[in-house]
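Trainee: Could you take one part of this chain and walk me through it closely? I would like to see how it sits among its surroundings.

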Amino acid sequence: MSCVPANLDRCARQWDAVVVGAGPCGSIAALQLARRGLRTLLVERSDMPRFKVCGGCLAHGGIATLERLGLAHTLAGAEPLNRLVVCSDGRSASVPISRMLGVSRTDLDLALLSAARQAGADVIVRTAANVDQDGTCRLRMGADRRTVSARAVIIADGLGGASVRHDPAFAWRVQSGSKIGLGGVCTQGGCPDASVVMCIAREGYVGFAPLQGGRMLVAAAVDPKAIRDAGGARILAERIVEFSGAPICLPCDLELRGTPTLTRKRNRVEAGRVLIAGDAAGYVEPFTGEGMTWAIRTGELCARQAEKLVDGTFSAGQWSRLVSRELGAAQRRCQLVRHLVARPALVRACMGLIRVLPPIGGAVSGRFGRVAQGGAA
Ligand SMILES: Cc1cc2nc3c(=O)[nH]c(=O)nc-3n(C[C@H](O)[C@H](O)[C@H](O)COP(=O)(O)OP(=O)(O)OC[C@H]3O[C@@H](n4cnc5c(N)ncnc54)[C@H](O)[C@@H]3O)c2cc1C
């Protein structure tokens with residue numbers, strides 16, 4: 001994608017809002033700010049489109065939010081998913097899932113970025129930002145440098161972002177035993193139609209989901225020590241799939257990429273003119289397929305808080321309270337699942353229960369992936 005502007009010399013010095021990171025959270029935030037008439041700059045470190053490690057399963061809450069915001073077109077080409085097949089220790093259980101789509105992150109993130117741009121946000125790609133609490137943003141595109149300032153800055157730079165790393169107020173608290181993510185896209189399929197297959201072992205889990213065009217997404221969350229012990233990420237992923245007994249294997253053309261540790265939280269998610277949202281505010285684990293949904297929802301809500309920072313009606317603590325009210329319960333449930341899937345005996349017991357009483361599986365899976373659909377007050 002070409003940059004607007006093509007180099008940093010032409011980038012204005014003053015903005016109402018700067019948004020750092022063009023994942024789902026940042027693009028939705030920039031789009032909402034631009035729709036409200038604020039002069040908004042969206043800064044993305046990578047060129048777009050870009051690959052992002054993700055299982056690509058968008059839950060009903062995320063779909064509903066995109067539809068409500070008039071962005072249903074960004075889901076063109078997504079694959080409907082209606083079944084979760086869980087495999088572990090040679091056994092399997094199947095659970096119906098309510099409304100979920102298999103999306104290519106390369107396509108979705110580009111579509112959301114384009115929507116933000118069409119709404120009036122200025123977009124700069126291949127540019128890394130470094131942000132201070134007073135709204136100063138140092139932009140770096142290759143050898144080019146420029147400092148701009150904003151009345152509100154939204155940090156949506158994900159787990160791997162470093163835009164506020166220099167500021168101890170925003171330090172991460174990484175949970176002990178945190179897994180790391182792995183993922184890739186392969187050209188061959190192998191997943192049953194409309195199904196997500198999850199292979200679980202003590203060292204982590206590997207998930208498969210179909211993508212448009214006969215492709216397949218592979219995503220995993222694994223213990224980093226187990227990768228070292230196994231002698232590599234691919235070997236460990238193969239072992240997990242083999243242990244699970246799932247009738248699927250890792251295709252030869254699969255190139256796995258990694259992420260930083262997953263289960264973490266920030267010390268704080270707001271200070272001065274800075275608000276933090278999406279994965280950049282905290283994440284649990286991907287098993288329940290909710291990260292994109294949380295990112296989309298907090299992007300929407302954070303834009304409203306940034307607007308308050310711009311017009312002077314924001315009060316300290318407002319954003320922190322809103323994040324815990326919107327996501328607190330869902331993230332606690334996700335933590336519970338995280339502990340459950342790390343215990344093979346419990347996984348076996350749950351699978352046995354689902355086989356005997358199938359409605360339980362549907363009732364439990366229906367609890368995940370919901371977010372409130374109220375507009376951002
Ligand atoms: C293995 C795995 C599987 C997953 N599976 C699912 C799933 O099936 N369903 C689901 O809903 N979620 C899933 N997730 C979670 C989901 O991928 C994230 O929750 C979601 O991408 C968060 O969106 P975001 O916009 O907050 O951040 P991101 O999507 O990470 O976007 C952050 C952006 O910021 C940019 N950036 C970073 N630093 C800077 C900087 N300094 N300056 C400018 N730009 C910067 C990055 O290049 C990136 O484009 C999974 C995650 C993992 C690791």
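Trainee: Let's pick helix α8: how many residues does α8 have, and what distance does it reach from its first C-alpha to its last?

Mentor: Happy to. Keep in mind that this is a predicted model. Helix α8 runs over residues 344-356, which makes 13 residues. From its first C-alpha to its last, α8 reaches 19 Å, close to the 18 Å expected at 1.5 Å a residue.

Now look at which residues of α8 face inward. The buried ones are Val 347, Cys 350, Met 351 and Ile 354. They cover an arc of only 100 degrees around the axis, so they lie on the same side of α8. The spacing makes sense, because an α-helix has 3.6 residues a turn and residues three or four places apart point the same way. Turned away from that buried side is a face with the exposed residues Ala 345, Ala 349, Gly 352 and Val 356.

What lies over the buried side? The cover of the buried residues of α8 includes the strands β4 (79-88), β5 (91-102) and β12 (195-201). The helices α7 (318-341) and α9 (358-365) are also among the elements that cover them.

For contrast, turn to helix α6, residues 291-311. This helix has 21 residues and reaches 30 Å from its first C-alpha to its last, close to the 30 Å expected. Of its 21 residues, 18 are buried, so α6 is largely enclosed by the rest of the structure. Just after α6 comes Gly 312, with a positive phi of about 80 degrees.

Helix α6 also brings us to the ligand. There are 45 residues around the ligand, and those that come nearest are Gly 21, Gly 23, Gly 158, Gly 278 and Gly 291. The elements giving two or more residues to this shell are α1 (24-35), β3 (57-58), β7 (128-131), β11 (180-186), β14 (215-222) and α6. The most comes from α6, with four residues. Sorted by class, the shell holds 22 nonpolar, 17 polar and six charged residues.

Two single residues are worth a stop as well. Ser 178 sits in the loop between β10 (172-174) and β11. It has 18 C-beta neighbours inside 10 Å, so Ser 178 counts as partly exposed. Leaving out residues up to four places away in sequence, Ser 178 touches Thr 261, Leu 262, Thr 263 and Arg 264. Ser 178 and Leu 336 are 158 residues apart in sequence, with 14 Å between their C-alpha atoms. Arg 10, in the segment before β1 (14-20), has 11 C-beta neighbours inside 10 Å and therefore counts as exposed. Between Arg 10 and Cys 137 there are 15 Å in space, C-alpha to C-alpha, for a separation of 127 residues in sequence.

Finally, step back to the whole chain. It contains nine helices and 19 strands, and 50% of its 377 residues count as buried. The C-alpha trace spans about 60 × 40 × 40 Å along its principal axes. A compact globule with 377 residues would have a radius of gyration near 21 Å, and the 20 Å of the protein chain agrees with that. Among contacts with a separation of 6 or more, 75% come from residues 24 or more positions apart.

How values were computed. Residues numbered from 1 in each chain as written. Predicted model: local features only at pLDDT ≥ 70, side-chain atom pairs only at ≥ 80, totals over all residues. Expected span 1.5 Å × (residues − 1). Buried ≥ 20, exposed ≤ 12 C-beta atoms within 10 Å, placed from the backbone. Rg over C-alpha atoms; globule rule 2.2 N^0.38 Å. Contact = placed C-beta atoms within 7 Å. Arc of directions from axis to C-beta. Near = placed C-beta within 6 Å. Nonpolar A, V, L, I, M, F, W, Y, C, P; charged D, E, K, R; others polar.
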